[in-house]
Amino acid sequence: MVHDLIQRLKTEYSDELFEELYRLYADRAIRTATAVTGSPASAADVVQETFIRVYRNLGAYDGSKPFDPWFNRILYNECNRYLKKHARVVPSEISEERDLPSETDTYDFDRHGEVYEMVQRLDDQHRIPVILKYLNDVAEKDIADMMELNINTVKSRLFKARKKLKEWMLQNRGGDQHGT
């Protein structure tokens, strides 16, 4: 279905077809970008820029390869660009409007609130693979391609992240690392 849609977009672009593509990918992209940037408003900017880049580069997309990794790579690059751009920016004031969740983000972060907060405490090199794998169900191989890492590095980072999350969970529950 996505493959056919992409092929049609490449040969007979229309706003309706691009809107269909947007509807297929927007929610998941917003969830990912929200988790990476830590802000639904920032995520909306990242996702908007992602779709602009998809639109501009769709002609260069190799239709013999799966679309999801290509799209996720653009999204990942936009998240990174955002993080680098805002790494040293300290907000001068909190804008209520900018911190409101997106209306299109239907993922229930509150249901997984404790884990989500702990994932946000991880550093970027561990947090982003966790978000991609467990929030977006991206394969480790695809994460490695997106992040330009060896797959064993991705596995190692996921292992270390899970270990750290387990430690934090046990600390929050008053246990130790051995589950007592």
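Me: What pattern does the protein chain follow when read along the sequence?

Reply: This is a predicted model, in which local features need pLDDT of at least 70 and side-chain atom pairs count only at pLDDT 80 or more, while totals for chains, interfaces and linings use all residues. Residues are numbered from 1 along each chain as its sequence is written, and side-chain values use heavy atoms, with hydrogens and water left out. The secondary structure amounts to eight helices and zero strands, these being DSSP runs numbered from the N terminus (helices H or I, at least four residues; strands E, at least two). Along the sequence, the protein chain therefore reads α-α-α-α-α-α-α-α.

Me: What percentage of the residues of the protein chain count as buried?

Reply: Buried means under 20% relative accessible area, exposed over 50%, and partly exposed in between (1.4 Å probe, protein chains only). In helix α3 (residues 40-57), the buried residues are Pro40, Ala41, Ser42, Ala43, Val46, Val47, Thr50, Phe51 and Val54, and their cover includes α2 (15-37) and α4 (67-85). Of the 180 residues of the protein chain, the buried part is 40%.

Me: Which residues in α8 do residues of α5 meet?

Reply: Helix α5 (residues 113-121) packs against helix α8 (residues 151-172) at an angle of about 125°, their axes being 10 Å apart. That makes α5 oblique to α8, given that angles under 35 degrees count as roughly parallel, over 145 as roughly antiparallel, 65 to 115 as roughly perpendicular and the rest as oblique. From α5 come Glu114, Val115, Met118, Val119 and Arg121, which meet, by contact (heavy atoms within 4.5 Å), their partners in α8: Leu165, Trp168, Met169 and Asn172.

Me: How many nonpolar, polar and charged residues are in the contact of α6 with α7?

Reply: The axes of helix α6 (residues 124-135) and helix α7 (residues 140-147) come within 10 Å and cross at roughly 135°, an angle that makes α6 oblique to α7. In this contact Ile128, Pro129, Leu132 and Lys133 of α6 meet Glu140, Ile143, Met146 and Met147 of α7. Sorted by class (Ala, Val, Leu, Ile, Met, Phe, Trp, Tyr, Cys and Pro nonpolar; Asp, Glu, Lys and Arg charged; the others, Gly among them, polar), the contact divides into six nonpolar, no polar and two charged.

Conventions. Axes are lines fitted to C-alpha atoms, for helices over the stretch in contact, and angles run from 0 to 180 degrees between N-to-C directions.
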